[in-house]
Each structure stands twice: as structure tokens, then as C-alpha cells.
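Please look through the sequence and the model shown below, and keep both at hand while reading. The paragraphs that follow lead from one part of the fold to the next.

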Amino acid sequence: MRLLIVEDEKRLAVSLARGLTAEGFAVDVVHDGLEGLHRASGGGYDLVILDIMLPGMNGYRVCGALRAAGHEVPILMLTAKDGEYDEAEGLDTGADDYLTKPFSYVVLVARVRALLRRRGAGTAAPVLTVGTLRIDTAARRVHRGEDECALTAKEFAVLEQLALRAGQVVSKAEILEHVWDFAYDGDPNIVEVYISTLRRKLGASSIRTVRGAGYRLEAG
């Protein structure tokens with residue numbers, strides 16, 4: 001899953017980005033409301049963490065502009081303010097949830113996961129089943145039959161992208177977009193490395209290479 005953090009407190013933004021990256025998310029960070037609106041408007045994000053007090057354009061206006069343009073990406077608003085009026089204003093502009101600073105990082109991660117699950121409620125269950133493979137997206141655990149497979153955060157993120165479209169071909173570019181962040185400029189063959197590792201852990205026949213197109217997770 002790919003997240004966008006729009007936060008002008010750079011130390012906080014970097015801290016959140018590091019933590020969420022360790023959780024297996026691809027994370028982009030911007031520090032200005034106008035840049036945040038530009039990035040979010042381009043699509044490709046599964047969730048936006050949006051501060052309210054921002055230079056250029058405040059979070060209320062960014063959120064309102066995204067909703068007015070028809071963007072339905074989940075938005076979690078952050079603010080140092082506290083009070084029912086501020087919360088109501090944030091939700092009225094189209095935000096999906098609201099968190100007041102200072103907040104617990106554990107709570108933020110739980111809110112992020114809840115919003116992502118809610119967004120996928122109509123298309124994907126919290127537990128994805130593909131043949132004998134069972135992927136619990138909430139607990140971040142994977143079982144093949146009765147055996148649990150220990151995966152790193154990045155391995156899980158790659159598998160999750162394949163499982164969400166099980167039986168369909170997912171391109172290398174799509175995996176890179178949702179698992180690695182916007183600033184990644186390394187070798188795109190890194191995807192092949194993770195696919196190879198997943199095959200070793202889950203079984204060689206679990207992920208099929210479709211030459212020139214991408215990869216397909218198959219029931220096995």
C-alpha cells in the first residue's frame with residue numbers, strides 16, 4: 001500500500017515515514033499543502049495522512065479540493081488543535097478520520113489500517129485466501145495450510161499486492177508503485193528478488209511469471 005504524508009513538521013514527517021515504511025508501506029512525504037494537493041491529485045495513493053496547519057494551502061482546503069475533484073482516497077487528518085468544531089470542520093470537508101497531536105504512533109497505525117480495510121470492504125476481505133494460502137492483512141500473517149510463513153514487511157507487501165488481484169497479472173511497475181516509494185530510483189529488478197524469495201518460502205508454483213507482463217498469484 002502506498003501512503004502520502006503531507007506534514008510541515010519535518011521531524012514528525014520523517015519519523016512517521018520511517019515507522020510506516022518498517023510496517024511495509026511505501027511512503028512519500030511532502031511539506032506543503034499545494035504540493036500535497038498536486039501529488040494526491042495524481043492518484044496512485046491508497047491513503048493520505050494530512051496535517052491541517054500547512055504552508056501554501058491548509059489541510060481543510062486540500063481535503064475539500066480533492067473531494068470536489070472526485071478523489072475518494074481515504075484521508076486521515078492531523079492537527080495540533082483540539083475541539084469539536086475543528087473535528088467537525090475536518091470531517092465536513094471530506095476527511096475519513098481525525099487525530100489530534102500529540103498522538104500515539106500505535107494508534108495512528110491502527111487508524112491507517114482500519115481506513116484501508118474500510119476502503120477495501122467491498123472488494124477485499126481482511127483475510128485473503130488463495131488456494132491453501134491464507135493472508136491475514138490485519139495481523140500481517142501468512143499461512144500455507146497449517147504452517148505459518150515468516151515474511152518480512154516488504155515481502156508481505158509484495159504478496160499482498162498479488163493477493164488483492166489473485167489470478168490476474170500484476171506488472172512489475174504496479175508492484176514498484178505500491179510497495180516502494182516515489183523517490184525510489186534503484187534497480188527495478190528488486191521486484192524479481194522479492195518474487196524469488198516468496199517462491200522459496202511459499203512454493204515455486206505459487207507465483208507464475210507472465211513474460212513481458214508481470215506476475216500472477218495462483219491457487220496451489
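**From the hairpins to the open sheet**

In the hairpin of S8 and S9, two residues lie between the strands, and glycine 145 takes a positive phi near 65 degrees. Strands here (E, at least two residues) and helices (H or I, at least four) are DSSP runs numbered from the N terminus, and two strands count as paired if DSSP finds at least two bridges between them. This is a predicted model, in which local features need pLDDT of at least 70 and side-chain atom pairs count only at pLDDT 80 or more, while totals for chains, interfaces and linings use all residues. Residues are numbered from 1 along each chain as its sequence is written, and side-chain values use heavy atoms, with hydrogens and water left out.

The pairing of S8 with strand S9 (residues 147-149) is antiparallel and runs over three bridges, with valine 142 standing opposite cysteine 149 in S9.

Two residues separate S6 and S7 in their hairpin, where glycine 131 in the turn has a positive phi of about 60 degrees. In a regular strand the side chains alternate between the two faces of the sheet. For S7, Leu133 and Ile135 make up a covered face, whereas Arg134 and Asp136 make up an uncovered one.

A separate topic is the open sheet, which is formed by five strands in the order S2-S1-S3-S4-S5 with parallel pairing. S2 and strand S5 (97-100) stand at its edges with a single partner strand each, so one side of each is left without a neighbour in the sheet. Neighbouring strands of this sheet are turned by 20 degrees against each other on average, direction ignored; such angles are taken between N-to-C directions and run from 0 to 180 degrees, with axes fitted to C-alpha atoms, for helices over the stretch in contact. Within the sheet, S3 pairs with strand S4 (residues 75-79) over four parallel bridges, and aspartate 51 stands opposite leucine 78 in S4.

H2 packs on this sheet and touches S1, S2 and S3, its direction making about 160 degrees with that of S1; contact means heavy atoms within 4.5 Å. Helix H5 (residues 105-119) lies across S1, S3, S4 and S5, running at about 175 degrees to S5.

Which residues of helix H2 (residues 33-41) are buried? They are Gly33, Gly36, Leu37, Arg39 and Ala40, where buried means under 20% relative accessible area with a 1.4 Å probe, protein chains only. These residues cover an arc of only 165 degrees around the axis, which puts them on the same side of H2. What covers them includes strand S1 (2-6), strand S2 (26-30), S3 and helix H3 (59-68). Just after H2, glycine 43 takes a positive phi of about 75 degrees.

As for confidence, the protein averages a pLDDT (the predictor's confidence in each residue, from 0 to 100) of 85, and 89% of the residues score at least 70. Confidence is highest in strand S3 (residues 47-51), at a mean of 96, and lowest in helix H4 (residues 84-92), at 57.

Key
Buried < 20%, exposed > 50% of the residue type's maximum accessible area, 1.4 Å probe, protein only. Arc of directions from axis to C-beta.
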